[in-house]
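This briefing is meant to be read with the sequence and the coordinates side by side. Its points are grouped by topic, so that each can be checked on screen in turn.

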Amino acid sequence: MKQILDAILADELDAVGALEVPESYRGVVVRKDEVDMFAGRSTRDKDPRESLHVQEIATPELGPGEALVAVMASAVNYNTVWTSIFEPVSTFGFLERYGRLSPLTKRHDLPYHVVGSDLAGVVLRTGPGVNRWKVGDEVVAHCLSVELESHEGHDDTMLDPEQRIWGFETNFGGLADLALVKANQLMPKPTHLSWEEAASPGLVNSTAYRQLVSNNGAGMKLGDTVLIWGASGGLGSYATQLALASGATPVCVVSSPDKADIVRSMGADLVIDRNAEGYQFWKDENTQDPREWRRFGARIRELTGGKDPDIVFEHPGRETFGASVFVARKGGTIVTCASTSGYLHQFDNRYLWMNLKRIIGSHFANYREAYLANDLIASGRIHPTLSKVYPLEQTGQAAFDVHRNLHQGKVGVLCLAPEEGLGVRDEEKRSRHIDAINRFRAR
């Protein structure tokens with residue numbers, strides 16, 4: 001592995017293909033024999049630092065249409081948190097089902113799960129049938145894994161019956177020195193970004209793109225008013241940028257003055273600090289408070305000059321969903337994913353049905369959507385929201401930060417990269433965007 005890293009750091013990428021692939025590598029894992037380790041604890045008290053381990057991983061066999069990537073950097077997403085606390089279910093069930101699909105997928109059914117759904121790195125090997133990507137290519141990866149043997153996925157690959165999220169529902173993810181991906185997950189690394197910056201947008205930027213911009217989501221257009229929950233977080237920070245870049249007006253909901261400052265620094269003028277303004281959408285565990293929905297809706301109208309949101313960008317789930325349905329304009333759209341505060345949503349259907357509103361479920365993105373989202377990063381229209389970077393050995397702490405909402409934007413992880421700031425190819429483009437690139441780093 002040292003020879004591979006030395007070649008990458010020396011910019012001798014043509015030599016990478018001649019180097020021997022190691023028999024094992026470091027990876028961040030959860031272990032099957034520990035799935036009950038948090039029994040009796042509340043969700044909040046389940047600690048990723050206890051369940052995420054760095055251990056040696058046997059390098060998997062490379063199959064047709066696949067690539068082995070030397071991972072320079074990765075990032076933590078909420079699916080890594082879910083995996084680490086074994087909620088809502090253990091991911092080993094995903095690996096077992098995938099392993100039954102074919103002799104090749106059996107590789108994924110192991111007593112450990114290498115996690116991570118983002119990467120930036122260098123192609124180390126390609127399997128039979130891979131033509132677009134070559135050894136030595138600098139790449140990032142999106143996390144859509146599909147088989148495409150059924151007709152359902154050929155209009156929108158997210159509808160493939162065998163659609164999975166790499167590093168969450170498959171093994172050999174990106175929080176490691178090596179990663180196994182399908183070649184159709186790969187995209188060009190943005191040349192003006194470092195490894196850790198390039199690794200950080202993949203999952204969340206693509207998810208926000210489909211959710212807001214794509215016709216498979218809300219189809220956001222010029223002039224729309226868009227309510228964005230968690231507007232400074234991993235998903236919300238990209239939703240805010242996409243809304244601004246599209247000529248929409250984001251109404252950004254945050255939870256602290258610091259987070260309010262950061263969305264304003266992105267150019268968002270309409271900001272609600274939900275903690276400072278004391279919104280409590282639930283009276284108790286089982287009862288929502290419609291008076292708080294109305295107070296929240298009135299605040300939105302105060303900021304927008306009387307407009308209700310055309311689109312509500314929903315990802316907290318249970319805690320906020322009733323309010324989201326209520327405040328969307330007549331004929332408006334609530335587009336939802338993730339449900340980080342709970343999956344069992346409750347809302348008053350009168351406000352949906354009688355006001356002709358729509359709820360759209362959105363999950364990650366197809367390859368085309370992910371590629372277009374990555375192209376916005378590469379062109380400098382959308383920027384990474386990386387706030388902090390940990391070494392691979394401290395991935396548990398990085399996941400803890402995300403679990404406890406102690407972070408802004410995205411939390412990165414250095415894998416093979418020995419330090420931050422490496423991998424930049426286009427310094428001139430970087431200099432034009434440096435303030436936006438570093439916007440979250442000073443927080």
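**Strand pairing, domains and local features**

Strand β1 is paired with strand β2 (residues 53-58) in the antiparallel sense, over 6 bridges. The model is a predicted one, and the protein in it is divided into domain 1, made of 1-202 + 367-438, and domain 2, made of 218-361.

**Pairing around β1**

- Besides its pairing with β2, which is antiparallel, β1 is joined by 3 bridges to strand β4 (residues 112-114), and these two strands also run antiparallel.
- Residue V29 has a bridge partner on each of these strands, namely H53 in β2 and V114 in β4.

- The pairing of strand β17 (residues 333-336) with β18 is parallel and extends over 4 bridges, and within it T333 stands opposite R358 of β18.

**Where the two domains meet**

- The centres of domain 1 and domain 2, taken over C-alpha atoms, are separated by 30 Å, while 16 residues of domain 1 are in contact with 15 residues of domain 2.
- Between them the two domains bury about 1,100 Å², and 57% of this area is on carbon and sulfur atoms.
- Of the area that domain 1 buries against domain 2, W82, I382 and Q408 supply 43%, which is more than any other three residues.
- What kinds of contact are counted between domain 1 and domain 2? The count of salt bridges between the two domains is 0, whereas 7 residue pairs, with both residues at pLDDT 80 or more, are found in polar contact across the interface.
- On the side of domain 1 that touches domain 2, helices α3 (78-85) and α12 (367-378) each supply at least two residues.

**Salt bridges**

- The structure as a whole holds 28 salt bridges, and one of them is formed by the side chains of E96 and K32, with an N to O distance of 2.7 Å.
- Since E96 lies in helix α4 (residues 92-99) and K32 lies in the loop between β1 (24-31) and α2 (48-51), the pair ties together parts that are 64 residues apart in sequence.

**Backbone details in two loops**

- The peptide bond that leads from E87 to P88 is cis, with omega near -5 degrees, and P88 is placed in the loop between α3 and α4.
- L148, a residue other than glycine, has a positive phi value, near 60 degrees, and its place is in the loop between β7 (144-145) and β8 (164-165).

Terms used
Residues numbered from 1 in each chain as written. Predicted model: local features only at pLDDT ≥ 70, side-chain atom pairs only at ≥ 80, totals over all residues. Heavy atoms only, no water. Pairing = 2+ DSSP bridges. Domains from an automatic or database assignment. Contact = heavy atoms within 4.5 Å. Buried area = accessible area lost by both parts, 1.4 Å probe. Salt bridge = Lys/Arg side-chain N within 4 Å of Asp/Glu carboxyl O. Polar contact = N/O pair within 3.5 Å; in protein donor to acceptor, adjacent residues only side chain to side chain.
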